[in-house]
Amino acid sequence: MLTTRVMPCLLYYNRGLCKTVKFKNPSYVGDPVNAIKIYNEKEVDELIFLDITATAENREPDYKIIRSIATECFMPLCYGGGITSVEQVKKIFEIGVEKVSFNHAAIHHPSLITDVAKDFGSQAVIASIDVKKNIWGKYEVYQKRGTKTTGQHPVAFAKKMEDMGAGEILLTSIDREGTWEGYDNELILRITESVSIPVIVNGGAGNLAHLEQAVKVGNASGLALGSMVVYQKKGMGVLINFPLRTELEKILK
Amino acid sequence: MIAIVNYGLGNIGSIQNMLKKVGYSDCILASTREELERADKIILPGVGAFDAGMQKIEQSGLLDTLNKIALVDKKPLLGICLGMQLLTKGSEEGKLPGLGWIDAFTNRFQFNNEKAGLKVPHMGWNEITISKQHALVADIPLPARFYFVHSYYVKCTHQEDELMSCHYGIDFSCAVQHENIMGVQFHAEKSHKFGMQLLKNFASA
């Protein structure tokens, strides 16, 4: 039977990989191609690669770096960052990428999701939703790398993404991202209860128990890992690594 | 030389990337009859809807050549994902007839019991069972798992055409073979060492 997919979520920043904490303070953690070669050896289920400044810098996806990782990536690969047209998506898929993720476009030009799904199928389209609690403790969808609220509620927004044709949701908790404190299972459950498409959860994973809870409590379909797969431990040095398959099978089956 | 049929559907880049990785750089993306004729082996990729796939093949002007290569020349041919479904006689997804090179039909996954928690598409890694010995499935490390993304599955008329099976709510054929025609439902090009071995087998057989 299918098991829950577990995947590194890599952030591309300033021509290298970085790790942020609550979307701030990017720290350099290594070379993307090198990291992907290691994840290949570890046989990770999938990989997410996000160019976190493409939109802010108003530039197209960096096809050169996408090509250099796609040629080394022998598991499904999702690219996100700065995509504004179907033509760009076509170019990215021809390089050898399977899925594209939309964040800025999901908020401002959701019809792009519909267009891409029509041409390439829903399975190729991920809507990336960044969520933060506002000062009254209410969940809101944020934009521009977590700096500005959209005023929209994540449940309504996730449903809209499903209706527009997204095949999956990448749900990131900004408050948990980079903290090692565990996923926001309350948020996850609210979303998984509201949509029928798979939800990949992101932000907060610090140990295997966190992964187990996101699946058992939150009903997550996919688990994205950030800090855990680029650092030895919290507060320690860089180490590209991945949980052992046998360990994952124990908690996810 | 291996030709990957470039008819406008499918992640042709990934297939080429993996063939290179396993040592077969002698592979081209074929969009003309001449290119197809020159190849010793053919890979038919494909993602998306069944009718769109058949239409694209027709529009590419390669259908006659493909029929000749598959049925007369009997060159080894591997369909991947939708490429495998197109080998069948037709699909519940569409109205157009398929290529019909395998005596099989493509059906939709239908799960009445929502509680079973089985979502469609069947997406992710799943373990397979080898149904019969064949060069394409030789030396694949077991237990083997492959990456799937599909909402429709192939049902063979003749059990002996099934090469591998998989279970998702029901048992279905996830790899088929009849004479020179082969097909895999999963994305071998994105299935780590398991897919690498399979593509290596196809390339070297």
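**Notebook: rings, charges and the A–B contact**

I opened with B:Phe172, which is buried at a relative accessible area of 2%. A reminder to myself before going on: this is a predicted model.

**Entry: the partner of B:Phe172**

B:Tyr153 sits in strand β8 (residues 152-156) of chain B and B:Phe172 in strand β10 (residues 170-178), so the pair ties together parts 19 residues apart in sequence. I checked B:Tyr153 for burial too, and its relative accessibility of 13% makes it count as buried.

I then searched the whole structure and got 14 aromatic pairs over all chains. One that I looked up is B:Phe109 with B:Tyr168: the centres are 5.6 Å apart and the planes stand at 80°, so I noted it as edge-to-face. This pair links distant parts of the chain, 59 residues apart, with B:Phe109 in the loop between β5 (104-108) and β6 (122-130) of chain B and B:Tyr168 in strand β9 (residues 162-168). Both of these residues are buried.

Which cluster takes in B:Phe109, B:Tyr168, B:Tyr153 and B:Phe172? I found one aromatic cluster that holds these four together with B:Phe111, B:Phe146, B:Phe148, B:Phe186 and B:Phe194.

**Entry: B:Asn107**

I stopped at B:Asn107, in strand β5 of chain B. Its relative accessible area is 13%, so I filed B:Asn107 as buried. Leaving out residues up to four places away in sequence, B:Asn107 touches B:Glu92, B:Ser151, B:Tyr152, B:Tyr153 and B:Lys155. I was pleased to meet B:Tyr153 again in that list.

**Entry: charges over rings**

In chain A I looked for charges over ring faces. A:Lys91 lies over the face of A:Tyr63, 4.2 Å from the ring centre. A:Arg145 has its charged end over the ring of A:Phe23, at 4.0 Å from the centre.

**Entry: the A–B interface**

Next I turned to where the chains meet. Chain A brings 31 residues to the contact and chain B brings 25 residues. I get about 2400 Å² of area buried between them, with carbon and sulfur atoms giving 54%. I count 13 residue pairs in polar contact across the interface. On the side of chain A that touches chain B, helix α3 (residues 86-95) gives the most, with three residues.

How many salt bridges cross between chain A and chain B? I find four. A:Glu43 bridges to B:Lys193 at 3.2 Å, N to O. A:Glu43 also forms a salt bridge with B:Arg145, the closest N and O atoms being 3.2 Å apart. A:Glu43 lies in the loop between α1 (32-41) and β4 (47-51) of chain A and B:Arg145 in strand β7 (residues 145-150) of chain B, so the pair joins two chains. A:Glu43 and B:Arg145 are both buried.

**Entry: salt bridges within chain A**

Over all chains, my search gives 21 salt bridges. In helix α3 of chain A, A:Glu94 and A:Lys90 are four residues apart, about one turn of the helix, and their side chains meet at 3.1 Å, N to O. A:Glu94 is partly exposed at 42%, and A:Lys90 is partly exposed at 45%.

A:Lys250 and A:Glu247 also form a salt bridge, at 3.7 Å; they are three residues apart in helix α10 (residues 245-252) of chain A. A:Lys250 is exposed at 64%, while A:Glu247 is partly exposed at 31%.

Definitions and conventions: Residues are numbered from 1 along each chain as its sequence is written. Chains are lettered from A and ligands numbered from 1 in the order in which they are written. This is a predicted model: local features need pLDDT of at least 70, side-chain atom pairs count only at pLDDT 80 or more; totals for chains, interfaces and linings use all residues. Side-chain values use heavy atoms; hydrogens and water are left out. Rings of Phe, Tyr and Trp (its six-membered ring) pair if their centres lie within 6.5 Å; planes under 30 degrees apart count as stacked, over 60 as edge-to-face and the rest as tilted. Buried means under 20% relative accessible area, exposed over 50%, partly exposed in between (1.4 Å probe, protein chains only). A charge sits over a ring if NZ of Lys or CZ of Arg is within 6 Å of the ring centre and within 35 degrees of the ring normal. Contact means heavy atoms within 4.5 Å. Buried area is the accessible area (1.4 Å probe) that two parts lose on being put together, summed over both. A polar contact is a pair of N or O atoms within 3.5 Å; within protein, one must be able to donate a hydrogen and the other to accept it, and residues adjacent in sequence count only if both atoms are side-chain atoms.
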